[in-house]
Amino acid sequence: MKAVRIHAFGGPEVLQVEEAARPVPAADEILVKVHASGVNPVDWVVREGGNDALRAFLTLPLTLGWDAAGVVEEVGRDVSGFQVGDAVYGVPNFPGNGSYAEYCAAKASQFARKPDSLRFIEAAGVPLAGLTAWTGLFGHGQLQAGQRVLIQGASGGVGGFAVQFAKAKGAYVIGTASAGNLGYVRQLGADEALDYRSQAVEDLVHDVDVVLEASPLRDNAARANIVRVLKPGGIFVSVNVDFPFDEAMQAALARQQATGALAPNQPRQDWLQEIAELIDAGRVQVVISRVYPLAQVADAHRESQTWHVQGKLVLEIGPGNE
Ligand SMILES: NC(=O)c1ccc[n+]([C@@H]2O[C@H](COP(=O)([O-])OP(=O)(O)OC[C@H]3O[C@@H](n4cnc5c(N)ncnc54)[C@H](OP(=O)(O)O)[C@@H]3O)[C@@H](O)[C@H]2O)c1
């Protein structure tokens, strides 16, 4: 099968489209014929050799990509709930061999049925970013209907889903983005959209129950500053798990009688199912800013590395438009 693998860590030039052996599913796995794979910032972070949280888990050669949409080709003997021919989406094997390939084998529990209303290229943009937003808002942030949430990086992959999930839950949503993306963030459903470059967000926002840091900024002074918007008892959740809170940030949280949490995304089937239901009910839209053929994976990485993608980037591998 065709796969994009790396044999060394480095720049986009280490990405090689090559022939690789088709994986054989273990007893608890499904083999998926991949029609499309999402591209996430972690793909190029791994390509470059990982970060403090990931480095120890990476082995070479490695097939990148941890966002798949496709069709079940084989089912391991202990798997129930999936049949050959099912259209599925999920987060396969992070950070092992992933979805930039014609086939991937991964635990069945990392997949759910693809939303019926989405084509494969759209569905491939959902799982990793969507589950990260879900884990942050509801797993760690315990966001409830009627609460106020501030979402940083609201125009990005994770942030865009977070805005829509929080709104669907009945929260009051404030999102931050660059000036050119404020209309987009409002169109996703945010009640307020603020420009993180030109506006002092910490002076304009107050009484927030949950802050979700879904921006790529890794800066504890900026974190400690924004903690002021939280209510006593509020929660600051960061999805940037590779960048822990320092002492000053911990002290800022204590002063505000707030707590902090780092949120690694959890590839949970039940959450993927809930997300699919919201999408099929028309309550969450999937914004794909660009689709690349597999052979142009290096260009997709270059675009992701700008940190200014609106929505998601996707690689088309099979018939992604079905
Ligand atoms: N915990 C996990 O498992 C997990 C999973 C996925 C991602 N992540 C992390 O989540 C973060 C977002 O990932 P993503 O996939 O959503 O990235 P993305 O699609 O590239 O979006 C990032 C967004 O952040 C905004 N941004 C860029 N620079 C900024 C800055 N200096 N200050 C504030 N906002 C800025 C951009 O908005 P504008 O273009 O409007 O400026 C952009 O829309 C990354 O740090 C990533 O590492 C964690």
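Modeller: Let us begin with the term helix: helices are DSSP runs of H or I with at least four residues, strands are DSSP runs of E with at least two, and both are numbered from the N terminus. T135 is placed in helix α3, which covers residues 127-140. The model is a predicted one, in which local features need pLDDT of at least 70, side-chain atom pairs count only at pLDDT 80 or more, and totals for chains, interfaces and linings use all residues. Residues are numbered from 1 along each chain as its sequence is written, and side-chain values use heavy atoms, with hydrogens and water left out.

Colleague: How many helices and strands does the protein chain have?

Modeller: The secondary structure of the protein chain consists of 10 helices and 16 strands.

Colleague: Why is T135 called buried?

Modeller: A residue is buried under 20% relative accessible area, exposed over 50%, and partly exposed in between, with a 1.4 Å probe and protein chains only. T135 has 0% relative accessibility, and therefore counts as buried.

Colleague: Which residues does T135 contact, leaving aside its neighbours within four places in sequence?

Modeller: Contact means heavy atoms within 4.5 Å. On that basis T135 is in contact with H140, P264, N265, Q266 and W271, its neighbours within four places in sequence being left aside.

Colleague: Why does K114 count as buried?

Modeller: Its relative accessibility is 10%, so K114 counts as buried. K114 is located in the loop between β8 (111-113) and α2 (120-123). Not counting residues up to four places away in sequence, K114 touches A87, V88, Y89, F120 and A123. K114 and A69 are 45 residues apart in sequence, yet their C-alpha atoms are 7.2 Å apart in space.

Colleague: What makes P61 partly exposed?

Modeller: The relative accessible area of P61 is 36%, and P61 is therefore partly exposed. P61 lies in the loop between α1 (41-47) and β4 (62-63), and a cis peptide bond with omega of about -10° joins L60 to P61. Beyond residues up to four places away in sequence, P61 touches R5, I6, H7 and N97.

Colleague: Why is D207 called partly exposed?

Modeller: D207 has 42% relative accessibility and so counts as partly exposed. D207 lies in the loop between α6 (201-204) and β12 (208-213). Its phi is positive, about 55°, although D207 is not a glycine.

Colleague: Which residues of helix α8 are buried?

Modeller: In helix α8 (residues 247-255), the buried residues are M249, A252 and L253. They cover an arc of only 100° around the axis, which puts them on the same side of α8. The arc is that of the directions from the helix axis to the C-beta atoms. On the other side of α8, E247, A254 and R255 are exposed. The buried residues of α8 pack against α7 (220-226), β13 (230-238) and β14 (259-262).

Colleague: What covers the buried residues of α10?

Modeller: The buried residues of helix α10 (residues 297-304) are V297, A298, A300, H301 and S304. Their arc around the axis is only 160°, which puts them on the same side of α10. The elements that cover them include β1 (2-6), β3 (29-39), α1, β15 (288-293) and β16 (312-316).

Colleague: How do you know that the radius of gyration of the protein chain agrees with that of a compact globule?

Modeller: The radius of gyration is taken over C-alpha atoms, and the globule rule is 2.2 Å times the number of residues to the power 0.38. For 322 residues a compact globule would have a value near 20 Å, and the protein chain has 19 Å, so the two agree. The C-alpha trace spans about 55 × 40 × 35 Å along its principal axes. Of the 322 residues in the protein chain, 56% are buried.
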